[in-house]
Amino acid sequence: MLHILRQIAKCGIKTEPPPPPADEMVLVARLQKKILRVLGRALTIRHIDAGSCNGCELEIHALANPYYNIEGLGIRFVASPRHADLLLVTGPVSKHMAIALKRTYDATPDPKLVVAVGDCGCSGGIFGESYASVGRVSNVIPVDVAIPGCPPAPVALLRGILAAITVGAPNVEPTMEPGVDGVGGTAAEPPLALAGDPPARIGDPP
């Protein structure tokens, strides 16, 4: 034991400096800060699987882990559309789900927001419109923000939620801070899309 103590005194503490925080973690922290500033209250989300392969669902589930900590921002998922502020819709809308999706939208109290998730939700993806699918979400209900990707990463989902609450929040100018998320910079966020209009897509070039 004495020999070990002498060796420690002779050599000192040999440790590496801690690594700098990952770029994505810095981005997540900035997005979380922006969401908290814009939101200012709780936000409840009802997720609707309208025909997804569950790829987008895996990324949505990741939002609840300690890394992204979406519930720490005051955002939580609910089981009933009657308790929801925002609908998060995944997948191309299968014809069997079209009526259910429309009823869920009608049951959600106003004012409500709709975010289409993934390439399938934005455009129908590889499935498109067929005998079994009506294609993109906006073919059935109005969409405010669309998040492309197959599947979109959790950071992209945070950006989409931020864009949705920014354009939907009263007395809040829908702008993003430069460099916060790499989308838009000082440009205004995509405007709220009306029924029948193509939805705003997070990640598309201006």
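Gly-12, with a positive phi near 80°, follows helix 1. Helices (H or I, at least four residues) and strands (E, at least two) are DSSP runs, numbered from the N terminus. The model is a predicted one, in which local features need pLDDT of at least 70 and side-chain atom pairs count only at pLDDT 80 or more, while totals for chains, interfaces and linings use all residues. Residues are numbered from 1 along each chain as its sequence is written, and side-chain values use heavy atoms, with hydrogens and water left out.

Helix 1 is hardly covered, with 0 buried residues among its 10. Here buried means under 20% relative accessible area, exposed over 50%, and partly exposed in between (1.4 Å probe, protein chains only). Leu-5 is found in this helix, which spans residues 2-11, and Leu-5 counts as partly exposed because its relative accessibility is 46%. Together with Met-1, Leu-2, Ile-4 and Ile-8, Leu-5 makes a nonpolar surface patch of about 550 Å². Patches are made of residues with over 30% relative accessible area and no salt bridge; like charges are joined within 9 Å, and nonpolar side chains (Val, Leu, Ile, Met, Phe, Trp, Tyr) within 5 Å. A salt bridge is a side-chain nitrogen of Lys or Arg within 4 Å of a carboxyl oxygen of Asp or Glu. The accessible areas come from the Shrake-Rupley method with a 1.4 Å probe, and for residues only the protein chains shown count as cover.

**Fold and nonpolar cores**

The protein has 6 helices and 8 strands, in the sequence order α-α-β-α-β-β-β-α-β-α-β-β-α-β. Of its 206 residues, 44% count as buried. A nonpolar core is a set of buried Ala, Val, Leu, Ile, Met, Phe, Trp, Tyr and Cys residues joined through side-chain atoms within 4.5 Å. The largest such core has 29 residues, and Ile-75 and Val-115 have the most contacts inside it. Elements that give two or more residues to this core include helix 2 (23-39), strand 1 (43-49), strand 5 (113-117) and helix 6 (154-168). Helix 6 gives the most, with 9 residues. Apart from this core lies another, of 16 residues, among them Ala-50, Leu-101, Ile-141 and Val-143.

Ile-147 lies in strand 7 and is buried, at 0% relative accessibility. Ile-147 and Thr-90 are 57 residues apart in sequence, and their C-alpha atoms are 10.0 Å apart in space.

**Cysteines and aromatic rings**

The structure holds 0 disulfides, a disulfide being a pair of cysteine sulfur atoms within 2.5 Å. Cys-122 is in no disulfide, and the nearest cysteine sulfur, that of Cys-56, is 8.7 Å away. For Cys-150, the closest cysteine sulfur is that of Cys-120, at 5.9 Å, which is too far for a bond.

Rings of Phe, Tyr and Trp (its six-membered ring) pair if their centres lie within 6.5 Å; planes under 30 degrees apart count as stacked, over 60 as edge-to-face and the rest as tilted. By this rule the count is 1 aromatic pair. The rings of Tyr-67 and Tyr-68 have centres 4.8 Å apart and planes at 70°, so this pair is edge-to-face.

| Residue | Relative accessible area | Class |
|---|---|---|
| Cys-122 | 3% | buried |
| Cys-150 | 70% | exposed |
| Tyr-67 | 33% | partly exposed |
| Tyr-68 | 8% | buried |
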